[in-house]
2 protein chains.
Amino acid sequence: MTQAVANRPMTELAEKIRAGSQPAIARGLTVVERRSAAASELLADLWKHSGHAHVLGVTGPAGSGKSTLVTRMAKGCTARGSKVAIIAVDPSSAYSGGAILGDRIRMTELAEDREIYIRSMASRGATGGLSRAVLDGISLLDAAGFDVIILETVGVGQAEMDVMSVAHTVLVVSVPGLGDDIQAIKAGLIEIADIHVVNKADRPGADLTYKQLRESLRLAHREAGSWNVPIVKCVAATGEGVAELLDKSEKHQRWMKDHGGLREVERRNAATRIRWAAEVLISEQLRAGDAGFDSAVNSLIAREIDPRTAADHLLRAMTRPHTDQKEKTDA
Amino acid sequence: MTQAVANRPMTELAEKIRAGSQPAIARGLTVVERRSAAASELLADLWKHSGHAHVLGVTGPAGSGKSTLVTRMAKGCTARGSKVAIIAVDPSSAYSGGAILGDRIRMTELAEDREIYIRSMASRGATGGLSRAVLDGISLLDAAGFDVIILETVGVGQAEMDVMSVAHTVLVVSVPGLGDDIQAIKAGLIEIADIHVVNKADRPGADLTYKQLRESLRLAHREAGSWNVPIVKCVAATGEGVAELLDKSEKHQRWMKDHGGLREVERRNAATRIRWAAEVLISEQLRAGDAGFDSAVNSLIAREIDPRTAADHLLRAMTRPHTDQKEKTDA
């Protein structure tokens with residue numbers, strides 16, 4: 001098994017990231033995006049220094065003005081004294097490139113604002129790879145000292161839902177006039193919202209959208225003592241309503257802290273991380289070239305053993321060189 | 001860790017399956033489709049009795065007449081003295097139900113033919129679940145004594161490609177007139193074909209389809225001594241060309257045996273099975289309620305440990321109650 005403590009080429013990078021170096025942060029995010037063994041090492045170095053940031057998830061359909069809203073929110077948080085990072089999750093950029101162009105424009109706009117770091121993360125590789133990269137990216141930015149991390153996704157697909165599950169506060173953005181019904185309801189986003197935002201609230205139909213949201217919240221099953229989901233009207237283009245949104249977001253964060261919600265998110269997040277790390281460790285061992293694995297493959301082909309028993313033996317064998325057990329046996 | 005040898009409720013079912021009972025086979029396939037712990041136990045019982053069947057993969061675009069062709073092939077194999085089973089892989093049936101209706105019609109047609117067993121398998125649950133169910137289904141039918149197992153898929157998507165990777169012989173079906181170009185080329189199926197079939201070869205354009213396939217095979221990189229991919233013209237509706245197809249398929253099987261190809265497929269298959277079994281064993285342990293796991297989650301939240309180290313410790317701890325090691329320590 002890979003040694004948990006050893007000399008790591010990633011340690012130096014981790015130190016620079018913790019010091020807040022932007023080139024180091026950018027390089028680190030590329031490392032986690034590539035899902036190599038280095039990503040696992042880097043995260044091991046950074047994990048202990050994370051756990052301080054407030055993670056805000058912002059989701060909603062395309063055309064709801066999420067990017068403008070997120071930019072405004074980031075600037076608002078900065079004005080309140082927070083260091084802010086934005087991760088724009090883009091599962092489709094490999095094909096369209098659209099979001100990346102949008103982010104370039106935003107990056108130029110935010111370039112003067114040295115407190116705000118922005119990065120878009122796209123899927124490169126296997127199923128589930130994006131969610132893992134984004135979660136590691138959050139830990140990295142957290143360890144780099146950002147107080148608020150805003151996760152921006154288009155609310156469709158399992159990867160985006162997985163990503164949203166690690167946010168402490170989830171904002172779901174609706175806009176008037178995108179269709180007969182509220183898009184958030186259609187997209188199944190209504191249940192995950194901690195705060196609803198009606199953006200472009202100066203447009204005709206904003207009141208109807210507001211009422212439809214209020215009605216669907218009224219009908220939703222809500223346990224006694226649970227968070228009372230507010231609906232906030234905004235015009236992201238002018239900044240109207242953004243201060244109220246940040247107030248509600250801070251209020252939700254306090255509520256989560258007081259009612260054990262933060263702990264619950266952390267627990268879920270930690271459980272997921274351990275499972276993923278175990279999968280990586282296992283797959284590092286169970287591959288061609290490893291003597292034990294190759295021998296198990298041969299036994300399986302010869303029908304001397306079944307897959308489950310072979311896996312069981314391999315998992316046990318993986319622990320043999322462990323010093324603790326060796327010492328115990330020697331004594 | 002789950003005991004590899006214990007009294008299993010699946011053992012009786014496994015015995016009935018090995019005896020060739022059709023109700024037992026049907027029940028067993030439902031068990032593997034549901035991906036429960038029972039599936040893992042059942043496979044453990046059946047694995048040692050598998051490894052004899054010739055697995056034929058048949059893929060091609062919708063409308064290429066695969067189902068009719070597969071039915072003809074199955075009857076042809078039966079006439080040659082083989083026991084045949086068909087698995088129709090249907091990743092979309094949860095939505096359309098179309099393939100299932102088609103299979104009902106075929107099932108009625110094949111009902112008199114007691115030698116041919118047919119079953120469609122659909123996706124129920126997580127990503128990758130279908131591929132796993134199909135592979136286990138092949139092992140089950142193999143252990144039940146079928147000599148030939150025909151896997152029928154629509155050649156799109158990762159699941160179908162995963163499934164095809166376990167076939168000993170892959171047939172890719174094209175038809176004239178479905179478009180300007182050969183659909184197999186578009187769908188990226190040209191490289192996986194061991195035999196190309198031009199079905200509906202009595203239609204106009206069949207010669208053109210044949211020539212396009214021949215040309216693309218001529219241009220494809222081919223290592224010296226590798227299998228010379230034939231192109232067979234068929235009219236599945238009348239049975240024309242099916243005997244030649246079965247001859248080529250048998251020839252390919254012999255070639256694979258003589259040139260180490262069968263062994264290579266078995267090796268890949270065995271490696272995949274061990275990895276999947278390991279994942280199941282790990283996920284059985286790493287879940288809330290397990291004292292070690294819950295404690296690791298708490299340490300992770302407290303930032304006392306990073307995910308990789310926590311996973312490493314848990315994987316080691318999983319082996320402690322193993323009797324072999326205990327005996328060693330006691331002695």
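This is a predicted model: local features need pLDDT of at least 70, side-chain atom pairs count only at pLDDT 80 or more; totals for chains, interfaces and linings use all residues.
Strand β2 (residues 84-90) and strand β3 (residues 116-122) of chain B run parallel, with seven bridges joining them. β2(B) also pairs with strand β4 (residues 148-154) of chain B, again in the parallel sense, this time over five bridges. Here B:V84 stands opposite B:V148 in β4(B).

So is β2(B) buried or exposed? It's mostly covered, with seven of its seven residues buried. In a regular strand, side chains alternate between the two faces of the sheet. You can follow that idea along β2(B): B:V84, B:I86, B:A88 and B:D90 are on one side, B:A85, B:I87 and B:V89 are on the other, and all are buried.

## Strands β5, β6 and β7 of chain B

Now look at β6(B). β5(B) pairs with β6(B) in the parallel sense over four bridges, and B:S174 stands opposite B:V198 in β6(B). β6(B) also pairs with β7(B), in the parallel sense and over three bridges. In that pairing, B:V197 stands opposite B:V232 in β7(B).

Which way do the residues of β6(B) point? B:I195 and B:V197 point one way, B:H196 and B:V198 point the other way, and all are buried.

## Helix α10 of chain B

Helix α10 (residues 242-258) of chain B has 17 residues. From its first C-alpha to its last it reaches 24 Å, close to the 24 Å expected at 1.5 Å a residue. Its buried residues are B:V242, B:L245, B:L246, B:K248, B:S249 and B:H252. Why do they sit on the same side of α10(B)? Because they cover an arc of only 160° around the axis.

On the other side of α10(B), you'll find B:R254 and B:D258 exposed. Just after the helix, B:G260 takes a positive phi of about 80°.

## Helix α12 of chain B

In helix α12 (residues 291-301) of chain B, the residues B:F293, B:A296, B:V297 and B:L300 are buried. These cover an arc of only 105° around the axis, which puts them on the same side of α12(B).

The cover for this helix comes from both chains: it includes α11 of chain A, along with α11 (261-285) and α13 (307-317) of chain B. After α12(B) comes B:R303, whose phi is positive, near 60°.

## Where the two chains meet

How many residues of chain A are in contact with chain B? There are 43 of them, in contact with 43 residues of chain B. α3 (37-47), α11 (261-285), α12 (291-301), α13 (307-317) and α14 (323-330) of chain A each supply at least two residues of that side. The largest share, twelve residues, comes from α11(A). Sorted by kind, the residues on this side of chain A are 24 nonpolar, seven polar and twelve charged.

Chain A can be laid on chain B with an RMSD of 0.1 Å by a turn of 179° and a shift of 0.0 Å along the axis. That is the relation of a two-fold axis. And 100% of the interface residues of chain A are also interface residues in chain B, so the copies meet through the same surface.

Terms used
Residues are numbered from 1 along each chain as its sequence is written. Chains are lettered from A and ligands numbered from 1 in the order in which they are written. Two residues are in contact if their C-beta atoms, placed from the backbone, lie within 7 Å. Ala, Val, Leu, Ile, Met, Phe, Trp, Tyr, Cys and Pro count as nonpolar, Asp, Glu, Lys and Arg as charged, and the others, Gly among them, as polar. A residue is buried if 20 or more other C-beta atoms lie within 10 Å of its own, exposed if 12 or fewer, and partly exposed in between; C-beta atoms are placed from the backbone. The arc is that of the directions from the helix axis to the C-beta atoms. The expected span of a helix is 1.5 Å times one less than its number of residues. Two strands pair if DSSP finds at least two bridges between them. Copies are superposed by least squares on the C-alpha atoms of residues with pLDDT of at least 70 in both.
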